[in-house]
Amino acid sequence: MSERKSNVIVGGSSGIGFAVAEALAARGEKVVLTSRDAGRAEAAARKIGGDAIGLAFDLAEPHAIAGNLAGIGSVDHLVIPAVERDRNSVKDYDVGRAIRLATIKLVGYVEVVHALLSRLTPDSSVVLFGGQARERPYPGSTTVTAVNGAVTTMVRTLTLEIAPIRVNAIHPGLVGDSPAWAGNAAAVDRARLQSPGGRIPTTADCVVATLFLLDTASMNGANLVVDAGWGLV
Ligand SMILES: NC(=O)c1ccc[n+]([C@@H]2O[C@H](COP(=O)([O-])OP(=O)(O)OC[C@H]3O[C@@H](n4cnc5c(N)ncnc54)[C@H](OP(=O)(O)O)[C@@H]3O)[C@@H](O)[C@H]2O)c1
């Protein structure tokens, strides 16, 4: 029997990351998922069951990331969907929140890859998460748009720097059934109405897209849009 694959999901305690962790565990693979909070990480790991492990650290504190990942062994798949939302307009700018989000996606994501590099194998693959706010800004999305745009370009440099390890990113549109939008049915309906086919992405769609990028040997350096065509209008 082949060795079970090992997965690390940074930001795996809720939303798309949790669903990806569940799907990988359902394939019989090993899962380490992370949260900012040890209790939430452990609760998510318990919910998945088997030998899933929960780990806590904060990507907005990048100097501590390597130490927090020190106990992890060989990694076949690294998925990084972590985000702190920042609705932050220029007129009413919260520097602290902007610094946290910029640090999480621009420094934290890269530092996780750096810290785990010696544990990734030539056949390993990495999936980062941006988002379609990079193409479709809205008032208050300045930092979100900037960091998700930067994920697009980060994928290109990382792909060259850490080859043959594969690096790809997913850019979802508004994921209607994700916890981020629970309680904001108006925004979900608006996105559905704007979308060319009246569809918006689901968490399950993002899981399928993540597994596709993790599993497909010729997917490398790609920025995969999962938005049901919303970005076209
Ligand atoms: N949902 C959407 O509609 C949508 C649309 C476009 C793009 N995206 C992108 O898709 C990805 C996943 O989104 P989601 O909606 O599934 O997110 P989510 O449900 O809010 O989950 C975010 C995850 O990140 C973790 N996290 C938050 N702050 C962190 C920090 N400072 N350090 C480390 N981990 C942290 C959270 O853990 P704890 O809270 O337990 O600490 C949680 O596990 C994100 O990158 C997001 O930008 C989502």
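A: Tyr93, Val95 and Ile99 form a nonpolar surface patch with about 300 Å² of accessible area together. Such patches consist of residues with over 30% relative accessible area and no salt bridge, with nonpolar side chains joined within 5 Å; a salt bridge is a side-chain nitrogen of Lys or Arg within 4 Å of a carboxyl oxygen of Asp or Glu. Areas follow the Shrake-Rupley method with a 1.4 Å probe, only the protein chains shown counting as cover for residues. The model is predicted: local features need pLDDT of at least 70 and side-chain atom pairs pLDDT 80 or more, whereas totals for chains, interfaces and linings use all residues. Residues are numbered from 1 along each chain as its sequence is written, and side-chain values use heavy atoms, without hydrogens and water.

Valine 95 belongs to helix α4 (residues 95-116); helices are DSSP runs (H or I, at least four residues) and strands likewise (E, at least two), numbered from the N terminus. Valine 95 counts as partly exposed because its relative accessibility is 46%, the classes being buried under 20%, exposed over 50% and partly exposed in between.

Asparagine 168, in strand β6 (residues 166-172), is buried, with a relative accessible area of 0%. Leu128 is one of the residues that asparagine 168 touches beyond four places in sequence, contact meaning heavy atoms within 4.5 Å.

Technical notes
Patches are made of residues with over 30% relative accessible area and no salt bridge: like charges are joined within 9 Å, nonpolar side chains (Val, Leu, Ile, Met, Phe, Trp, Tyr) within 5 Å. Buried means under 20% relative accessible area, exposed over 50%, partly exposed in between (1.4 Å probe, protein chains only).
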